[in-house]
Amino acid sequence: MKKTIIGFFCLILIAAPCLGAELMQMGGAGIGALTGLDAVLYNPAALVNLTQRYVGGSYIFDGGSLTAIGYLEPGFSERYNPSISPYRLAGGITWVRDPADTHRNRYYYSVALCTEPVFGGVNLIYKQEKAKTGAFRMDVAVGARFFERLTTTLSVENLIGWTIGKEAAYKGSPNIRLGASYALPSGFLASIDASTKLQQAADISLGAAYRFRSFAVKGGVTLTVDTQTTKVTPKPGLGFSYTSVRDETSAFDLDLALSYVEGRIAHSASFGYRFH
């Protein structure tokens, strides 16, 4: 019994999958509530949720490995006062290393702007090859927050792309993602997301999270539908988060998660430091 408990606890602690540490904890749902590096990767508009500067990194393994390191700046978000200005601004720069990608190094330059209750964000991504060639990509996202608890979001990854240093046109399929999250005062968060890569596959994700004091438990599932064969593949995710608040001005964040896809367990971990 003791070994079973220890084994289950270890499974929780080696957390997350191919979509990113924080997002995959909830089975791929919850893009509107993101604040860390996952916000950069999957919904730049969510950077308006930042209230402090953020430095962090993440490691994801799902057959291959992906490493990300970034610095995020809340800009005017932490000093937002509607009587002075109706705007909030945030942004950051993130480096991503993906050995499986032709463009192994990717650099994200992100900007997000909010005028309550609507917010939007843009990623300009430079993808560098070994040779003196590369490519640019642009992601855009818009969202709205209603009743202070309901957040809806539309994110389009790979909307625009172009290459430099060679004649070949940039090739990429846009990934469209819709999300809605609802937060309760008790610390419970429920989310539903739907995403699709045109003429490839469609995902429907359901997720939930519950925070108590410094801890949070998250879980969810993504159902992937192959548009060619109509095959449905479930991808459950499970995660654990811990926030260590040192004082009113700084805090450490730790996110761990795992996911299960067709007999394979993917895992990841992310770490961040928030400060004024």
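Author: The model is a predicted one. By the pairing rule applied here, the number of aromatic pairs comes to ten.

Reader: Are the rings of Tyr126 and Phe136 stacked, tilted or edge-to-face?

Author: A pair of aromatic rings is described by the distance of the centres and the angle of the planes. Tyr126 lies in strand S5 and Phe136 in strand S6, ten residues apart, and the pair links distant parts of the chain. The ring centres of Tyr126 and Phe136 are 5.1 Å apart and the planes stand at 45°, so the pair is tilted.

Reader: Which class does the pair of Tyr273 and Phe275 fall into?

Author: Planes under 30 degrees apart count as stacked. The rings of Tyr273 and Phe275 have centres 5.4 Å apart and planes at 20°, so this pair is stacked.

Reader: Is Tyr126 buried or partly exposed?

Author: Buried means under 20% relative accessible area. The relative accessible area of Tyr126 is 19%, and therefore Tyr126 is buried.

Reader: Which element supplies the largest share of the largest nonpolar core?

Author: This core has 26 residues, and Leu34, Leu47 and Leu72 are among those with the most contacts inside it. Several elements supply at least two residues each, including strand S1 and helix H3. The largest share, five residues, comes from H3.

Reader: Which strands give two or more residues to the nonpolar surface patch?

Author: The patch includes Tyr210, Phe212, Phe215 and Val217, and its accessible area together is about 840 Å². The elements that give two or more residues to the patch are strands S10 and S11.

Conventions:
Residues are numbered from 1 along each chain as its sequence is written. This is a predicted model: local features need pLDDT of at least 70, side-chain atom pairs count only at pLDDT 80 or more; totals for chains, interfaces and linings use all residues. Side-chain values use heavy atoms; hydrogens and water are left out. Patches are made of residues with over 30% relative accessible area and no salt bridge: like charges are joined within 9 Å, nonpolar side chains (Val, Leu, Ile, Met, Phe, Trp, Tyr) within 5 Å. Accessible areas come from the Shrake-Rupley method with a 1.4 Å probe; for residues, only the protein chains shown count as cover. A salt bridge is a side-chain nitrogen of Lys or Arg within 4 Å of a carboxyl oxygen of Asp or Glu. Helices (H or I, at least four residues) and strands (E, at least two) are DSSP runs, numbered from the N terminus. A nonpolar core is a set of buried Ala, Val, Leu, Ile, Met, Phe, Trp, Tyr and Cys residues joined through side-chain atoms within 4.5 Å. Buried means under 20% relative accessible area, exposed over 50%, partly exposed in between (1.4 Å probe, protein chains only). Rings of Phe, Tyr and Trp (its six-membered ring) pair if their centres lie within 6.5 Å; planes under 30 degrees apart count as stacked, over 60 as edge-to-face and the rest as tilted.
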